Amino acid sequence: IDQKRNKLNAFQKTMLKGLADITSQALVNREQIMHELECNANKLATIVSSSSDAIISKSIDGFITSWNKGAEAVFGYTAKEMIGRPVLCLFPKDREQEEVDFVEKIKNDTRIEHFETQRVTKSGALIDVSVSLSPIKNASGEIIGIAKIARDITAEKQIKNELANQHERLRVTMQSIGDAVITADLNGAVEYLNPVAESLTGWQLDEAKGVPVDIVFNIINEATREPCINPVSICINERKPAGLAHNTVLISKNGKEYGIEDSATPIRDENNNTFGAVLVFHDVTAQRKMATEMAYRATHDALTGLFNRSEFENRLKRSLTTSQEHHCEHALMFIDLDQFKIINDTCGHAAGDRLLKEISHIMQSHLRASDTLCRLGGDEFAILLEKCQLEAAMRVAENICKSVEAYRISHEKQRFSVSASIGLLIFNQKWRSIEQLMQSADAACYAAKESGRNRVQLYYDADFSLEPRKGESYWASRITQALEEDRFILYGQRIMPSTNNHGMKCEVLLRMIDEHGAMVGPNTFLPAAEKFHLIS
């Protein structure tokens with residue numbers, strides 16, 4: 001709907017400009033003047049006749065003098081019913097003052113563009129319309145009437161109201177995009193540029209007239225930088241509308257580049273003979289930039305700029321498919337920073353965020369361009385090494401461990417260090433799901449932490465000692481379930497006084513009972529409780 005609206009707005013501007021050109025043109029030769037007037041009149045008549053908008057002219061005292069088919073479709077009245085009648089018959093009672101205000105502004109040579117209001121149709125229905133008004137002048141510059149373009153926007157407003165919350169950003173973007181119009185003859189020579197087209201192309205109308213449209217409208221493919229076929233040429237040669245791909249870039253005369261979207265439509269006379277083409281385009285540079293930014297945000301971590309979990313899982317899924325189809329090996333690492341919580345609590349979140357960003361750069365420096373580094377969340381990272389065998393993957397993991405351990409962060413004259421516990425897994429066509437891969441790598445990472453931290457733990461299919469651990473995320477779900485099922489118990493460790501003082505004290509100890517009735521020690525589940533904010 002917005003694209004259609006932009007195109008119609010461009011036609012409106014072309015018509016109003018054409019009317020002004022007709023009334024102000026002054027040529028020495030009378031025959032040439034009449035010829036030019038006739039050509040312009042034919043072009044304007046074609047545009048007016050083919051427009052779905054209501055295009056109306058009226059005298060300065062408010063009586064209708066012309067009424068196109070678009071007006072018949074919008075308001076339900078025929079031209080015969082309306083010509084000679086006062087225009088107020090279309091106004092609701094509470095809006096009749098608008099007509100008075102409009103006329104006063106037009107008398108002061110003021111244009112009114114895209115004024116949204118309401119009008120009444122022949123059936124009595126109240127419709128929303130967008131109205132543009134412009135003065136009609138005679139050869140001496142005297143205002144003798146008013147040109148009006150009205151578009152029924154009832155359906156548009158209904159749709160916009162329903163989708164307002166979802167499309168607010170798009171609405172703001174579209175409002176900021178200007179429309180440009182270029183008309184050309186059958187030889188592809190420029191006949192007209194509107195002010196927006198002048199601004200975007202860098203050409204003024206006087207210098208662009210008669211110049212091939214390929215020169216004025218210089219477009220290339222954004223990705224390949226190769227010239228694009230001009231849609232005006234396609235339109236004229238094939239006698240049908242033509243458009244361009246979304247990756248088209250306009251090179252202005254001054255060298256500035258604009259991302260654009262456009263379409264070209266043949267201009268036909270009453271006998272359906274094509275005598276030119278009109279090109280309508282608009283600047284979508286900001287829109288493309290926003291789309292790129294939104295796509296980036298959807299796949300990247302806001303703090304570190306690394307890929308996020310969602311994009312990482314997509315890439316891991318593709319790698320798993322590759323291993324199954326081509327029988328190749330890839331490496332997966334889960335990395336957890338040791339002692340990060342201490343730095344975060346001691347130095348504050350700003351220092352913690354700085355540490356995460358700098359550690360990200362350290363890890364990235366050990367990877368190939370084809371490798372994928374991701375921040376899963378918090379102080380957890382993951383790395384995918386495609387087509388990488390065990391020896392090379394182990395070397396990368398150990399180098400990361402050493403580099404992270406050597407890093408120091410300073411805060412208020414104190415220096416802090418962290419280390420990395422890494423779970424490493426080599427996978428091939430035998431693995432069936434990324435859930436299985438990530439759970440196994442997480443288990444290996446958890447085992448690295450249990451074994452003393454700052455080390456690499458390799459996962460083997462036959463290493464059943466890793467299976468019960470499953471990683472901290474696994475224990476977090478088990479803790480939640482145990483809380484719900486009241487499977488935590490307290491033990492009292494008696495504290496006996498060394499003197500004869502009366503009284504007794506004890507240390508209260510927390511234990512967890514697993515699903516099978518076995519006791520789980522605190523060293524197993526408390527780290528996960530702290531990490532996932534279950535400790536309180």
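Guide: A nonpolar core is a set of buried Ala, Val, Leu, Ile, Met, Phe, Trp, Tyr and Cys residues joined through side-chain atoms within 4.5 Å, where buried means under 20% relative accessible area, exposed over 50% and partly exposed in between (1.4 Å probe, protein chains only). This is a predicted model in which local features need pLDDT of at least 70 and side-chain atom pairs pLDDT 80 or more, while totals for chains, interfaces and linings use all residues. Residues are numbered from 1 along each chain as its sequence is written, and side-chain values use heavy atoms, without hydrogens and water.

Visitor: How many residues are in the largest nonpolar core, and which have the most contacts inside it?

Guide: The largest core has 35 residues. M333, L337, L355, I359 and L385 have the most contacts inside it.

Visitor: Which elements give two or more residues to this core?

Guide: They are β13 (330-338), α14 (340-347), α15 (349-364), β15, α16 and β18 (419-427). Helices (H or I, at least four residues) and strands (E, at least two) are DSSP runs, numbered from the N terminus.

Visitor: What does I359 touch?

Guide: Leaving aside residues up to four places away in sequence, I359 touches L337, V404, Y407 and V418; contact means heavy atoms within 4.5 Å.

Visitor: And which residues does the second core include?

Guide: That core is separate and has 26 residues, among them A184, A197, Y258 and A277.

Visitor: Now the open sheet: what is its strand order?

Guide: The order of its three strands is β20-β21-β22, with antiparallel pairing; two strands pair if DSSP finds at least two bridges between them.

Visitor: Why is one side of β20 and of β22 left without a neighbour in the sheet?

Guide: Because β20 (488-495) and β22 (519-520) stand at the edges, each has a single partner strand. Strand β21 (residues 505-513) pairs with β22 over two bridges, and M512 stands opposite V520 in β22.

Visitor: Which backbone angle is positive at R225 and K387?

Guide: Phi is positive at each, although neither residue is a glycine: about 65° at R225 and about 50° at K387. R225 lies in the loop between β8 (219-221) and α11 (231-238), and K387 in the loop between β15 (380-385) and α16 (390-406).

Visitor: Are those two buried or exposed?

Guide: R225 is partly exposed, with a relative accessible area of 42%, whereas K387 is exposed at 63%.

Visitor: How many disulfides are there?

Guide: The count is zero, taking a disulfide as a pair of cysteine sulfur atoms within 2.5 Å.

Visitor: Are C347 and C388 buried or exposed?

Guide: C347 counts as buried at 11% relative accessibility, and C388 is buried with a relative accessible area of 6%.
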